[in-house]
Amino acid sequence: MKKAVIPALLLVAGLSVSLSSAQAADGAMLGNTCAGCHGTNGVSSGPASPTISALEKDTFVDMMNSFKSGDRPSTIMKRIADGYTDEEIAAMADFFASKPYKAADQKFDADKAAAGKKLHKDYCEKCHEENGTFDSDGSAILAGQWKTYLDYNLADFQAGDRPSPKKMAKKMKKMVGKHGVGSLEDLSNYYASQK
Amino acid sequence: MSNITRRGFLKASAATAAAVSMAGAPHVARAAGQKVVIVGGGTAGATAAKYIRMADASVEVTIIEKNASYHTCYLSNEVLSGDRTIESIEFGYDGLKAHGVTTVIDEVTGIDPAAKKVTTKANGDFAYDRLVVAPGVSLKYDTVDGYDATVAETITHAWKAGSQTVTLRKQLEAMKDGGTVAIAAPPNPFRCPPGPYERASQIAMYLKRHKPKSKVIILDSKEKFSKQGLFTNAWTELYGYGTDNSMIEWRAKSAEGNVTGVDAANNTAISGEMGTETKADVLNIIPAQQAGAIAVAADLVDDSGWCPVDKKTFESTKHKDVYVIGDACIATSMPKSGYAANSQAKVCATAIVASLQGKEMVVPSYVNTCYSIVGEDYGISVAAVYRLEGDSIKKVSGGLTPKDASAEQRKREKMYAYSWFANITSDIFG
Ligand SMILES: Cc1cc2nc3c(=O)[nH]c(=O)nc-3n(C[C@H](O)[C@H](O)[C@H](O)COP(=O)(O)OP(=O)(O)OC[C@H]3O[C@@H](n4cnc5c(N)ncnc54)[C@H](O)[C@@H]3O)c2cc1C
């Protein structure tokens, strides 16, 4: 039914509606399909899947592409990211970048969080600016992210399963060498403590 | 959280300013308060209500739902194993009220597409500009001799979560060690293709913990089933599948598996061409299904018993301005799942708002995922992204959890399954 209508319309309008604009990727249409796992507007209810709102456009695009290429390990995101074109990913990046971030309401260990706060300053703040609240240069937002998710990713970085920027790997190695693997747990508690 | 991403947010807004103004710009003059009525406030209906209001708060949205609260079928299998309470899968309609959705607790008894109104049992007629029909499935009791809605109170189907879920749980708790649980799995197509096998897994997990001499027999009306390789893998690893002491036994249709009757007095299932009798301590009969009764009564179904729709909008191909979403519609190649229902509802909501605003519908996009929890710290999944090609919904990516997934990945998939549950239920009802 609709199939017949569209070409007819195009003819009537003297092809003033170009096909490409009629078929442009729609950020909201695409982005809303993710809400079943990431929450409405990308704000996750947890306990493990990450909030993806308010990411910088480039960060989001890089993440989707690294899932696609398999550079970054995933349980399910490769299977999903593979389904989208560059144009669609860019449209979703705009959509999620425009949605406000909301820190997760979650439990944390206050002592570990205090230790993590100091570790963050010494080893991570340089790139994860403003206590990890600011997505600068593709570093994503750590403050208020779900702790279980941070733990998974810190474990993957530590094991070398998820590639990290060279300098970040160096800092982590130095930190773990000096403070032990428990320092990772301190850091995730710190980020979880931020509201 | 006040200044989180303050800077990032400013930059982002500049980048999207153009897109936003485009979407909201040409405000075509139109009658205020156009009415959308939604039959059924389940997964599909409630999602559509919320997303219509999010896209255009001038539209008056009314859900007519027969139950005062909704029990999700998803994760109801964990209620059977005792890993979850029935309360944890119950959701009310207050969250939707905050989005300006009116919910009327009543049953829709008739739809008049010519007069554009629906009739209810207790609250009279409701006029609509657009109607969404999302009644889920109805059970074809007549495909199993000796089975009906009354018998189902004791020999449950538990394929609509709620009181029967609790009954089945109580029967499992009361069963002696060494008992037999038999599950009759339905023919295609039906609600939640992996559901019966997740159910068998959850029951086996419970039995392994508390009644290890017991077993689960699946009597199947099919030759194969969803995620079969992953399920049998897990059963082999966890429940001795394939050995003489297996806690799960699966009988295909060709092995006399298809259940054709029930001898209720003897708690016995009758299956196959030979009329094989399986006496069980706990019997669970999941019959064949079709679209919810109201969709059948309103002439929205075709010969298959399901509702044909235009897959770009989910408008019925049988009646104008009536849309059918969720399990009731034919959305091949999407399965009948909660994730699919939620995703279809958003396509439909976008299409309805576009049609009310006199705009062109955007390119639709659809996603499905089904997680199954098959044991302690053991989750598996199937996922797919779809796009519209011609007039069919085509899978463009996706697939299954790899067979050789590590223990850590399986554990994470269970945590992600719980996350999916938390997020989808807040996306629907929050
Ligand atoms: C055991 C089990 C496990 C499952 N697990 C998963 C899973 O892990 N993941 C997943 O994605 N899916 C899962 N599903 C599938 C999922 O539950 C369904 O696909 C989904 O609920 C379909 O949504 P729906 O809106 O079409 O129907 P429903 O959610 O059933 O909603 C229909 C609503 O309409 C109401 N209604 C019907 N007729 C009328 C009427 N005449 N008047 C008023 N109200 C009416 C009903 O009361 C109901 O509330 C599972 C299903 C089962 C049975």
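A residue is called buried when its relative accessible area is under 20%, exposed when it is over 50%, and partly exposed in between, with a 1.4 Å probe and protein chains only. By that definition, B:Leu230, B:Phe231, B:Thr232, B:Ala234, B:Trp235 and B:Tyr239 are buried in helix 7 (residues 228-239) of chain B. This is a predicted model, in which local features need pLDDT of at least 70 and side-chain atom pairs count only at pLDDT 80 or more, while totals for chains, interfaces and linings use all residues. Residues are numbered from 1 along each chain as its sequence is written, chains are lettered from A and ligands numbered from 1 in the order in which they are written, and side-chain values use heavy atoms, with hydrogens and water left out.

**Confidence**

- The predictor assigns the complex an ipTM of 0.91 and a pTM of 0.93.
- Chain B has a mean pLDDT (the predictor's confidence in each residue, from 0 to 100) of 94, and 93% of its residues reach 70 or more.
- Within chain B, confidence is lowest in helix 1 (residues 6-24), at a mean of 38, and highest in strand 21 (residues 322-324), at 99.
- Helices (H or I, at least four residues) and strands (E, at least two) are DSSP runs, numbered from the N terminus.
- Over residues 1-29 of chain B, pLDDT stays under 50, and the model has 30 contacts (heavy atoms within 4.5 Å) beyond four places in sequence for them.

**Helix 7 of chain B**

- The cover over the buried residues of helix 7 of chain B includes helix 6 (195-210), strand 12 (215-220) and strand 22 (365-375) of chain B.
- Just after helix 7 of chain B, B:Gly240 adopts a positive phi of about 70 degrees.

**Helices 9 and 10 of chain B**

- Two packed helices are described by the angle and the distance between their axes.
- The axes of helix 9 (residues 338-356) and helix 10 (residues 407-429) of chain B come within 11 Å and cross at roughly 35 degrees; such axes are lines fitted to C-alpha atoms, for helices over the stretch in contact, and angles run from 0 to 180 degrees between N-to-C directions.
- In helix 9 of chain B, B:Gly338, B:Tyr339, B:Asn342 and B:Lys346 meet B:Trp420, B:Ile424, B:Asp427 and B:Ile428 in helix 10 of chain B.

**Chain A**

- Chain A contains twelve helices and zero strands.
- Of the 195 residues in chain A, 50% are buried.
- Among chain A contacts between residues at least 6 apart in sequence, 70% join residues at least 24 apart.
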